[in-house]
Amino acid sequence: MNFSAFISLVLTLVQLWPCSLSTRNRSAQNTAQSFTAVRRVKRGWVWEPLFVTEEQTSTEPVYVGQLKSDLDKQDGNLKYILTGEGAGSTFIIDENNGKIYVTQKLDREKKSFYTLRAQAINRSTQLPVEPESEFIIKVRDINDHEPQFLDGPYVATVPEMSPEGTSVTQVTATDGDDPSYGNNARLLYSLIQGQPYFSVEPKTGVIRMASQMDRETKDQYLVIIQAKDMVGQAGAFSATATVTINLSDVNDNPPKFQQRLYHMDVSEEAPVGTTVGKVFAEDSDIGENAAMNYSIEEDSSGVFDIITNNETQEGIILLKKRVDYESRRRYSIRAKVVNRYIDYRFLKEGPFEDKTVVKINVEDADEPPVFTLENYVMEIAEGAVSGSLVGVVTARDPDDDDSPVRYSIVHGTHLKRLFSINEHNGTIITTKPLDRETASWHNITVTATET
């Protein structure tokens with residue numbers, strides 16, 4: 001290193017040294033100031049949390065608490081000033097000692113806290129000795145609100161035969177008091193009316209089934225729930241709500257015929273499709289749970305059928321084939337009814353079907369006599385004397401073979417002059433000689449009637 005470079009370096013060091021000292025001095029000064037500030041904050045305002053109980057009524061201001069600076073030597077040289085929400089009206093401060101008072105009745109449900117600021121100044125210099133500080137006065141709750149059921153009255157539906165513990169519905173009450181302070185807003189639910197069928201969870205208000213119930217016995221219940229604040233302690237307020245609980249139907253009842261034996265009649269003249277009669281099975285359920293289907297279980301003859309009337313839930317027995325009194329006078333069939341929709345949870349209550357016997361009598365119809373032949377052909381010689389036998393017609397009463405029949409000739413009057421018939425036995429004779437050249441054949445109509 002040459003001499004000129006050395007001289008330059010020395011000058012630079014000489015110039016830098018004072019700067020370094022100055023920087024160190026400023027750093028030390030700032031540290032001292034910071035330390036002083038920390039100590040001031042630490043030595044600043046001293047107060048406990050401030051609370052005012054709501055709804056206090058007093059003719060005199062009520063003490064709330066005290067603000068105090070630890071610089072206050074109690075020589076009267078400090079003055080306390082209060083600003084912020086309600087300062088000077090709702091809240092006042094004793095400027096000499098920092099004691100705060102409330103002058104009015106407060107309602108926590110309208111305003112739950114107040115934000116204020118405090119300042120301490122030197123009376124002589126009017127300069128602050130403490131920085132202005134913000135603090136809060138909380139309004140402490142009292143139990144001045146009753147619980148309320150805002151959604152009542154309640155209506156709920158639960159299936160009948162639901163097992164014990166099944167949830168029915170939930171009721172909820174509200175309380176305007178402070179839920180975070182004490183038990184003023186802590187509610188307890190209880191059952192006033194509804195035992196032993198229902199229960200209620202004390203903390204949640206959930207209503208549950210306490211036993212199995214049958215809708216066919218009773219289908220509606222009125223339950224009364226009470227909500228008490230303060231967890232039901234002495235002095236608590238309460239409210240009640242009504243809950244109408246309806247039991248909905250399930251298919252837990254089989255159909256039952258009203259009669260074990262039905263008697264019906266059908267005329268032998270009845271055409272196919274004639275309604276012979278109706279059977280009816282009762283089902284205590286309702287709606288589709290009571291829907292049923294009828295059928296013929298035993299009918300070897302195949303003469304009858306049954307259909308279901310979905311409106312009346314009746315079984316209608318119809319004639320599928322014509323009947324004949326003279327061939328068969330009585331029928332016996334077995335009718336069956338089955339629930340259309342089965343709830344397999346209740347199969348143990350079954351079987352969900354029933355049977356009955358239907359006896360059907362065939363009624364005799366008054367049928368006209370029937371000729372043994374549809375057409376008769378008879379011959380007689382021309383010129384035969386009057387009273388000659390032409391032939392005999394025969395008819396019988398299908399209702400009674402022994403029933404007498406009366407015969408007669410109907411048609412033109414000229415035939416009556418030529419032929420006559422015995423009304424009792426159907427014998428036909430001539431009344432005068434016949435001429436083949438005049439008429440080679442004659443049509444005669446004979447009727448047979450019951451006597």
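The exercises below, each with a worked solution, go through a predicted model of a protein.

Residues are numbered from 1 along each chain as its sequence is written, and side-chain values use heavy atoms, with hydrogens and water left out. In this predicted model local features need pLDDT of at least 70 and side-chain atom pairs count only at pLDDT 80 or more, while totals for chains, interfaces and linings use all residues.

**Exercise 1. Confidence**

Find which element has the lowest mean pLDDT and which has the highest.

Solution. Begin with pLDDT itself, the predictor's confidence in each residue, from 0 to 100. For the protein its mean is 86, and 89% of the residues reach 70 or more. Next turn to the elements, where helices (H or I, at least four residues) and strands (E, at least two) are DSSP runs numbered from the N terminus. Helix H1 (residues 3–42) has the lowest mean pLDDT, 36, whereas strand S14 (residues 206–209) has the highest, 98. Finally, look at residues 1–43, over which pLDDT stays under 50. Where pLDDT is low, the predicted coordinates should not be read in detail.

**Exercise 2. Aromatic pairs**

Describe how phenylalanine 149 and tyrosine 189 are paired, and how buried each of them is.

Solution. A pair of aromatic rings is described by the distance of the centres and the angle of the planes. Rings of Phe, Tyr and Trp (its six-membered ring) pair if their centres lie within 6.5 Å, and planes under 30 degrees apart count as stacked, over 60 as edge-to-face and the rest as tilted. By this rule there are nine aromatic pairs. In one of them, phenylalanine 149 and tyrosine 189 lie 6.4 Å apart, centre to centre, with 55 degrees between the planes, and the pair is tilted. This pair links distant parts of the chain, 40 residues apart, with phenylalanine 149 in the loop between strand S9 (133–140) and strand S10 (154–159) and tyrosine 189 in strand S12 (residues 188–193).

For the last step, buried means under 20% relative accessible area, exposed over 50%, and partly exposed in between (1.4 Å probe, protein chains only). Phenylalanine 149 counts as buried because its relative accessibility is 13%, and tyrosine 189 counts as buried at 6%.

**Exercise 3. A second pair**

Work out why the pair of phenylalanine 371 and tyrosine 407 is tilted.

Solution. The ring centres of phenylalanine 371 and tyrosine 407 are 6.3 Å apart and their planes stand at 45 degrees, so the pair is tilted. Because phenylalanine 371 lies in strand S25 (residues 370–371) and tyrosine 407 in strand S28 (residues 405–410), the pair ties together parts 36 residues apart in sequence. Phenylalanine 371 counts as partly exposed, at 24% relative accessibility, whereas tyrosine 407 counts as buried, at 6%.

Technical notes:
Contact means heavy atoms within 4.5 Å.
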